[in-house]
Amino acid sequence: MIEVRENVFSEIGTDVNWFVVRDGSDLTLIDAGYPGDVARVEASIRSIGAAPEDVRAILLTHAHVDHMGAANHFHDRYGTPILMSETETAHARREYLQQASELDVAKNAWRPGVLAWSLRVMRAGATQKIAIPHAEAFPTVGALDLPGAPTPVPTTGHTTGHTAYFLPAAGAVVTGDTLVNGHPLLRHAGPQLLPPMFNHSETDTVAALDQLEGLDADLLLPGHGHPYTGSIREAVAKARDATQGRRKSR
Ligand SMILES: [Zn+2]
């Protein structure tokens, strides 16, 4: 696990990232990999001299299988609360599903990289039908009483209840899948949106960039791709440009 900023750690699992924020011996875990990443999530926590029991809460950016994989394990084994926006709790319980279907992926299988990627993520549990029955909404409005004082930033679009997390002391923002810095199915690295098939609402995802651009952050911690250092305003501008380019090339 890389310490990307003091007490903020980043780990890459199966083509997806999670983050740990430390305050003394207490941790916040933001996102939780694929179901097949459970051992890697635990190992990443142990690699900084901490224990899975030190996680005070798991924050989910959204309830896609590649971000929620280890959540039930932590809840069942250590009693870890799993927090997200009120809207996303219903998604986590699978009262509905806003995720690219296997058919969506199959229709894109001719694109470079799609086949290798889909085999890799299938091994990590991409097609497992999991739900989080005990998903909880944030207990308070504004900054959370957790290590790093993460502040939820509503960013509806990729999923309706998607949330980014601003980490004020670190000057960083965990952007989840609203703004990524690369993905095996994207041609280039750099701040941009995920391919359209992954976004429940492409229009709303673009609009959600407005929520990010004013944050006092110069470190972007995306759900996919490497952390990006640079002003969030600049990252958002790049993502908007990339989206424009994508529309023209269609
Ligand atoms: Zn997602």
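Does Trp117 count as buried or exposed, and at what relative accessibility? At 7% relative accessibility, Trp117 counts as buried, where buried means under 20% relative accessible area, exposed over 50% and partly exposed in between, for a 1.4 Å probe and protein chains only. The model is predicted: local features need pLDDT of at least 70, side-chain atom pairs count only at pLDDT 80 or more, and totals for chains, interfaces and linings use all residues. Residues are numbered from 1 along each chain as its sequence is written, and side-chain values use heavy atoms, with hydrogens and water left out.

Trp117 belongs to helix H6 (residues 114-123), whose buried residues are Val114, Trp117, Ser118 and Val121. Helices (H or I, at least four residues) and strands (E, at least two) are DSSP runs, numbered from the N terminus. Viewed down the axis of H6, the buried residues fall within an arc of 95 degrees and so line one face of the helix; the arc is that of the directions from the helix axis to the C-beta atoms. These buried residues pack against helix H5 (102-107), contact meaning heavy atoms within 4.5 Å. The face turned away from the buried side of H6 carries the exposed residues Leu115 and Arg123. Gly125, which follows H6, has a positive phi, near 100 degrees.

Three aromatic pairs are present in the structure. Rings of Phe, Tyr and Trp (its six-membered ring) pair if their centres lie within 6.5 Å; planes under 30 degrees apart count as stacked, over 60 as edge-to-face and the rest as tilted. One of the pairs, Trp117 and Phe198, is edge-to-face, with 5.7 Å centre to centre and 75 degrees between the planes. Because Trp117 lies in helix H6 and Phe198 in the loop between E10 and H7, this pair ties together parts that are 81 residues apart in sequence. Phe198 is buried, with a relative accessible area of 12%. Phe138 and Tyr165 also form an edge-to-face pair, at 6.0 Å centre to centre and 90 degrees between the planes. Here Phe138, in the loop between strand E7 (136-137) and E8, is linked to Tyr165 in strand E9, 27 residues apart. Phe138 counts as buried at 18% relative accessibility, and Tyr165 is buried with a relative accessible area of 0%.

The zinc ion is coordinated by His62 (NE2), His64 (ND1), His158 (NE2) and Asp177 (OD), at 2.1 to 2.3 Å. Donors are N, O and S atoms within 2.8 Å of the metal (3.2 Å for Na, K and Ca); water is not among the atoms, so sites may look incomplete. The angles among the four donor atoms run from 89 to 176 degrees, and the site is irregular. Four donors count as tetrahedral if all angles lie between 85 and 135 degrees; four count as square planar and six as octahedral if opposite donors are over 155 degrees apart and all others between 65 and 115; anything else is irregular. His158 and Asp177 are both buried.

Thr178 lies in the loop between E10 and H7 and counts as buried at 0% relative accessibility. Its side chain makes a polar contact with the side chain of His162 (3.1 Å). A polar contact is a pair of N or O atoms within 3.5 Å; within protein, one must be able to donate a hydrogen and the other to accept it, and residues adjacent in sequence count only if both atoms are side-chain atoms.
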